[in-house]
Amino acid sequence: MKYALVTGGSRGIGRAVSLKLAAMGYTVVINYAGNDAAAAETQNLIREAGYPEAELLKFDVSSAEACTEAIEKWQAAHTDGYIEVLVNNAGIRRDNLMLWMEQEDWLKVLNTNLGSFYNVTRPIVKPMLLKKYGRIINMASLSGQKGLPGQTNYSAAKGGLIAATKALAQEVAKKRVTVNAVAPGFVKTDMVEGLDEKALSAQIPAGRFGTPEEVAAVVAFLASPEAAYVNGEVIAVNGALYT
């Protein structure tokens, strides 16, 4: 069996990635934190498309204990294979100017967007190394590449994720495991709710927001055997807004 785990896989970019990996023949393990209905909907979309059966795995990626417990329990129940593709996609935003940013909002964003990389990747990378094959794809952001005002916490988390991607890639490359990041710009999901799409689109050379499917296509390439020599890279998907 070929398994792929997508954190935050029930909605938005995560849902598009889950569907794309299912189309590639993976049994997708959809992680989510709380929205049971959205997770079930994604699972049903995969079923209706005739792809391999998807699984739901509910846990909070910001909790190291919850991640270890859920992943080890899953691994014990699936001796027919291992998670050979991991997409660290789960993330949140709590935007504010630093002057008014509460410590809770700083820590929550850092723990969910960056701490989760450690929490989820650590128990999954060992089987990849033992099997001498794996793909780890981290969902970074335009904010992590250039920094955005009002997103000091989010920019710090995504910038740290980019640095972690580059470091881990060097640790595991000899075992045929690749670690790359995808950095979306403005993409039509609930993460951009409240933003002025018309005004922001005028600043984007492509003249529009991206779609989750366009991001998922890049993830699919990085997850494929054809991407074996792409390692430690950050691929921007932002309509040439930042190059």
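## The closed cavity

Thr7, Val61, Asn88, Asn89, Ala90, Asn113, Ser116, Phe117, Lys158 and Leu161 line the largest cavity. Helix 4 and helix 6 are the elements that give two or more residues to this lining, and helix 4 has the largest share, with three residues. Sorted by class, the lining comes out as four nonpolar, five polar and one charged. The classes work like this: Ala, Val, Leu, Ile, Met, Phe, Trp, Tyr, Cys and Pro are nonpolar, Asp, Glu, Lys and Arg are charged, and the others, Gly among them, are polar.

The volume of this cavity is about 60 Å³, and the structure holds one cavity of 30 Å³ or more. A cavity here is a set of points, on a 1 Å grid over the protein atoms alone, where a 1.4 Å probe fits but cannot get out; a pocket is an open set with protein on both sides within 12 Å along at least five of seven lines, and lining residues have an atom within 4 Å of a point. Grid points are joined across faces, edges and corners, and the volume is the space filled by probe spheres set on the points.

## What you are looking at

This is a predicted model, where local features need pLDDT of at least 70, side-chain atom pairs count only at pLDDT 80 or more, and totals for chains, interfaces and linings use all residues. Residues are numbered from 1 along each chain as its sequence is written, and side-chain values use heavy atoms, with hydrogens and water left out. Helices (H or I, at least four residues) and strands (E, at least two) are DSSP runs, numbered from the N terminus.

Now for the largest pocket, with a volume of about 950 Å³. Its lining takes in 46 residues, and Gly91, Ile92, Tyr154, Thr189 and Met191 lie nearest the centre. The elements giving two or more residues to that lining are helix 1 (12–23), strand 2 (27–32), helix 4, helix 5 (142–146) and helix 6 (152–172). Helix 1 gives the most, with three residues. By class, the pocket lining has 21 nonpolar, 18 polar and seven charged residues.

## Salt bridges

Side chains of opposite charge can pair when their charged atoms come close. Counting a salt bridge as a side-chain nitrogen of Lys or Arg within 4 Å of a carboxyl oxygen of Asp or Glu, a search of the whole structure finds nine. One of them joins Asp36 and Lys58, at 3.3 Å from N to O. That pair links distant parts of the chain, with Asp36 in helix 2 (residues 36–48) and Lys58 in strand 3 (residues 55–58), 22 residues apart. Asp36 is partly exposed at 41% relative accessibility, and Lys58 is partly exposed at 46%. On this scale, buried means under 20% relative accessible area, exposed means over 50%, and partly exposed is in between (1.4 Å probe, protein chains only).

Arg94 and Asp105 make another salt bridge, with their closest N and O atoms 3.2 Å apart. Arg94 sits in the loop between strand 4 and helix 4 while Asp105 is in helix 4, so the bridge ties together parts 11 residues apart in sequence. Arg94 is partly exposed, at 29%, and a network of salt bridges links Arg94, Glu104 and Asp105. Arg208 and Glu214 also pair up, at 2.7 Å from N to O; Arg208 is partly exposed at 42% and Glu214 is partly exposed at 33%.

## A greasy spot on the surface

Leu97, Leu99 and Trp100 form a nonpolar surface patch, with about 380 Å² of accessible area together. Leu97 is in the loop between strand 4 (83–88) and helix 4 (103–131), and is partly exposed at 43% relative accessible area. Patches are built from residues with over 30% relative accessible area and no salt bridge, joining like charges within 9 Å and nonpolar side chains (Val, Leu, Ile, Met, Phe, Trp, Tyr) within 5 Å. The areas come from the Shrake-Rupley method with a 1.4 Å probe, and for residues only the protein chains shown count as cover.

Most residues other than glycine have a negative phi. Lys132, however, has a positive phi near 60°; Lys132 lies in the loop between helix 4 and strand 5 (134–139) and is partly exposed at 45%. Ala240 has a positive phi too, near 70°, and is found in the segment after strand 7 (234–237).

Over in strand 5 is Ile137, buried at 1% relative accessibility. The C-alpha atoms of Ile137 and Asn180 are separated by 5.0 Å, with the two residues 43 apart along the chain.
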